[in-house]
Amino acid sequence: MTARPPEPSSRPTPSGELRASDDDREAVVEQLRDAAAEGRIDLDELDARLEQALKSRTHAELAVLTADLPRPQSSEDRPPLVLKGGMFGASRGPGRWDVPRHVIAHGGVGGVKIDFTRVECRLTEVTVEAYGETSGVTIVIPDGWTVDTSGMDPGVGGLKDETTSDRLPRTPLIRLTGSGGPGGVVIRHPNHREQRKLHSNPTQG
């Protein structure tokens with residue numbers, strides 16, 4: 001006799017009993033690895049918890065694995081990242097860095113470059129507020145990321161968008177706002193030289 005599926009219940013399912021997704025499990029895996037890197041758990045315990053995390057089916061099972069660890073600060077909680085070109089310029093990347101939901105760049109006299117090519121970003125959308133000012137702002141995004149420039153004022157220096165519209169799954173949209181000013185704003189994918197560096201040393205921090 002074929003077993004009948006359980007009949008739906010009218011009562012809400014407690015949050016801990018909700019089924020965990022692959023993204024939920026991966027977030028716990030990353031938190032455990034960070035905890036091991038900080039010396040909070042040893043490698044044997046890390047291996048045991050990672051194995052259990054990958055087998056966990058509910059939020060409650062995942063919560064047990066991180067109950068004794070500090071809650072990680074989410075990207076949504078982080079204040080905006082502000083970069084000011086000043087006299088000598090400023091940059092962020094191409095190494096790995098934590099991407100907040102909002103980035104503000106002032107080109108100033110020295111210019112600003114923001115390079116996202118080596119980051120791991122779980123956000124669905126990142127706002128980059130760019131002001132070209134005197135020397136401009138350059139933004140480099142990985143292949144597969146896309147940009148919305150509809151909120152951008154090109155100003156005198158203009159906006160140069162050299163990106164493609166082919167967006168890969170689970171990649172953020174860069175929402176570009178601000179003004180080009182005299183120096184202009186450029187957003188593009190890695191050039192040939194940057195591509196060679198990425199391919200020759202893909203694990204660079």
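Biologist: Which pattern does the chain follow, read along the sequence?

Modeller: This is a predicted model, and what I say describes that prediction. The chain holds four helices and 10 strands. Read along the sequence, these elements follow the pattern α-α-α-β-β-β-β-β-β-β-β-β-β-α.

Biologist: What share of the contacts with a separation of 6 or more comes from residues 24 or more positions apart?

Modeller: The chain has 205 residues, of which 38% count as buried. Among the contacts with a separation of 6 or more, the share that comes from residues 24 or more positions apart is 69%.

Biologist: How do helix H1 and helix H2 run relative to each other, roughly parallel or roughly antiparallel?

Modeller: Two packed helices are described by the angle between their axes and the distance between the axes. For H1 (residues 22-37) and H2 (residues 43-55), the axes are 9 Å apart and the packing angle is about 175°. Angles over 145 degrees count as roughly antiparallel. The two helices, H1 and H2, are therefore roughly antiparallel.

Biologist: Is Ser56 buried or exposed?

Modeller: Ser56 is placed in the loop between H2 and helix H3 (59-66), and a polar atom of its side chain lies 2.8 Å from the backbone oxygen of Gln52. Leaving aside neighbours within four places in sequence, Ser56 is in contact with Arg25, Glu61, Leu62 and Leu65. Its relative accessibility is 1%, and because a residue under 20% counts as buried, Ser56 is classed as buried.

Biologist: Which residues does Thr66 touch, not counting those up to four places away in sequence?

Modeller: Thr66 is found in helix H3, and with a relative accessible area of 15% this residue is buried. Once the residues up to four places away in sequence are set aside, Thr66 touches Val28, Gln31 and Leu32.

Biologist: Which residue in E3 is the bridge partner of Leu81?

Modeller: E1 and strand E3 (residues 102-106) run parallel and are joined by four bridges. In E3, the residue that partners Leu81 is Val103.

Biologist: What is the average twist from one strand to the next in the sheet with the order E2-E4-E6-E10-E8?

Modeller: This sheet is also open, with five strands paired in the parallel sense. Strand E2 (90-92) and strand E8 (159-162) are its edge strands, each pairing on one side only. From one strand to the next, the twist averages 5°.

Biologist: Is Lys160 buried or partly exposed?

Modeller: Lys160 is placed in strand E8, which pairs with strand E10 (residues 185-188) in the parallel sense over four bridges, and its bridge partner in E10 is Val186. Not counting residues up to four places away in sequence, Lys160 touches Val185, Val186 and Ile187, while its C-alpha atom is separated by 8.2 Å from that of Arg188, 28 residues apart along the chain. At 46% relative accessibility, Lys160 counts as partly exposed.

Biologist: How far apart in space are Cys121 and Thr171, C-alpha to C-alpha?

Modeller: Cys121 is placed in the loop between strand E4 (112-115) and strand E5 (125-131), and at 12% relative accessibility this residue counts as buried. Not counting residues up to four places away in sequence, Cys121 touches Val99, Val126, Trp145 and Pro172. Cys121 and Thr171 are 50 residues apart in sequence, and their C-alpha to C-alpha separation in space is 7.5 Å.

Notes:
Residues are numbered from 1 along each chain as its sequence is written. This is a predicted model: local features need pLDDT of at least 70, side-chain atom pairs count only at pLDDT 80 or more; totals for chains, interfaces and linings use all residues. Side-chain values use heavy atoms; hydrogens and water are left out. Axes are lines fitted to C-alpha atoms, for helices over the stretch in contact, and angles run from 0 to 180 degrees between N-to-C directions. Angles under 35 degrees count as roughly parallel, over 145 as roughly antiparallel, 65 to 115 as roughly perpendicular and the rest as oblique. Two strands pair if DSSP finds at least two bridges between them. Buried means under 20% relative accessible area, exposed over 50%, partly exposed in between (1.4 Å probe, protein chains only). A polar contact is a pair of N or O atoms within 3.5 Å; within protein, one must be able to donate a hydrogen and the other to accept it, and residues adjacent in sequence count only if both atoms are side-chain atoms. Contact means heavy atoms within 4.5 Å.
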